[in-house]
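Hi,

Here is the structure I promised to pass on.

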Amino acid sequence: MDMSSIGKNIRKKRLAKSWNQETLASKVEVTASYIGMIERGEKIPRLGTFIRITNELGATSDEILEGVINRGYEVRMSKYMEKIGRLPKEEQNRIFDLLDVMLERGSRN
């Protein structure tokens with residue numbers, strides 16, 4: 001199990017908010033070096049710290065645990081569907097046509 005994806009997901013969410021490590025650390029009441037260790041996969045936050053980080057980032061635990069939990073693919077699929085849903089119908093149909101072809105080829109193997 002690759003726990004480093006937790007840190008990568010936290011980093012991605014932090015950067016999406018244009019926060020540096022110090023900003024997140026201040027909000028979560030930990031040191032910036034600790035946030036850095038989490039983001040590099042050197043440390044796994046305790047549950048209370050994990051919850052504070054998740055809340056401050058406005059993230060869900062599924063988003064932060066994506067890549068670690070077995071159901072992470074469902075989170076990924078829901079993100080894809082959300083993005084596809086914002087596209088014009090013509091683009092949506094192209095994507096679905098492409099998926100149909102790829103799935104058909106995959107079922108032949």
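Below is what turned up when I went through it. One thing to keep in mind is that this is a predicted model.

Let's start with the helix packing. H2 (residues 21-28) and H3 (residues 32-39) pack with their axes 8 Å apart, at an angle of about 110°. That makes the two helices, H2 and H3, roughly perpendicular. On the H2 side the contact involves Gln21, Glu22, Leu24 and Ala25, and on the H3 side Ala32, Ile35, Gly36 and Glu39.

Moving on from H3, the loop between H3 and helix H4 (47-57) holds proline 45. Is proline 45 buried or exposed? Buried: its relative accessibility is 10%, and the cut-off for that label is under 20%. Setting aside neighbours within four places in sequence, proline 45 is in contact with Tyr34, Ile38 and Phe50.

Now the charged pairs. The structure has seven salt bridges, and these are the ones I'd look at:

- Glutamate 63 with lysine 13, at 3.2 Å from N to O. Glutamate 63 is in helix H5 (residues 61-65) and lysine 13 in helix H1 (residues 4-16), so this pair ties together parts 50 residues apart in sequence. Lysine 13 is partly exposed, at 23% relative accessibility.
- Glutamate 42 with arginine 40, at 3.0 Å from N to O. Glutamate 42 counts as partly exposed at 48% relative accessibility, while arginine 40 counts as exposed at 52%.
- Glutamate 91 with arginine 94, where the closest N and O atoms are 2.9 Å apart. Both residues are in helix H7, three residues apart, or about one turn of the helix. Glutamate 91 is partly exposed at 31% relative accessibility, and arginine 94 is partly exposed at 48%. Glu90 joins Glu91 and Arg94 in a network of salt bridges.

H7 has something else to show. Which residues make up the nonpolar surface patch of about 360 Å²? They are Met81, Phe96, Leu99 and Leu103. Helix H7 (residues 89-108) gives the most to this patch, with three residues. Leucine 103 is located in H7, and it is exposed, with a relative accessible area of 60%.

Have a browse and tell me what you think.

Cheers

Terms used:
Residues are numbered from 1 along each chain as its sequence is written. This is a predicted model: local features need pLDDT of at least 70, side-chain atom pairs count only at pLDDT 80 or more; totals for chains, interfaces and linings use all residues. Side-chain values use heavy atoms; hydrogens and water are left out. Patches are made of residues with over 30% relative accessible area and no salt bridge: like charges are joined within 9 Å, nonpolar side chains (Val, Leu, Ile, Met, Phe, Trp, Tyr) within 5 Å. Accessible areas come from the Shrake-Rupley method with a 1.4 Å probe; for residues, only the protein chains shown count as cover. A salt bridge is a side-chain nitrogen of Lys or Arg within 4 Å of a carboxyl oxygen of Asp or Glu. Helices (H or I, at least four residues) and strands (E, at least two) are DSSP runs, numbered from the N terminus. Buried means under 20% relative accessible area, exposed over 50%, partly exposed in between (1.4 Å probe, protein chains only). Axes are lines fitted to C-alpha atoms, for helices over the stretch in contact, and angles run from 0 to 180 degrees between N-to-C directions. Angles under 35 degrees count as roughly parallel, over 145 as roughly antiparallel, 65 to 115 as roughly perpendicular and the rest as oblique. Contact means heavy atoms within 4.5 Å.
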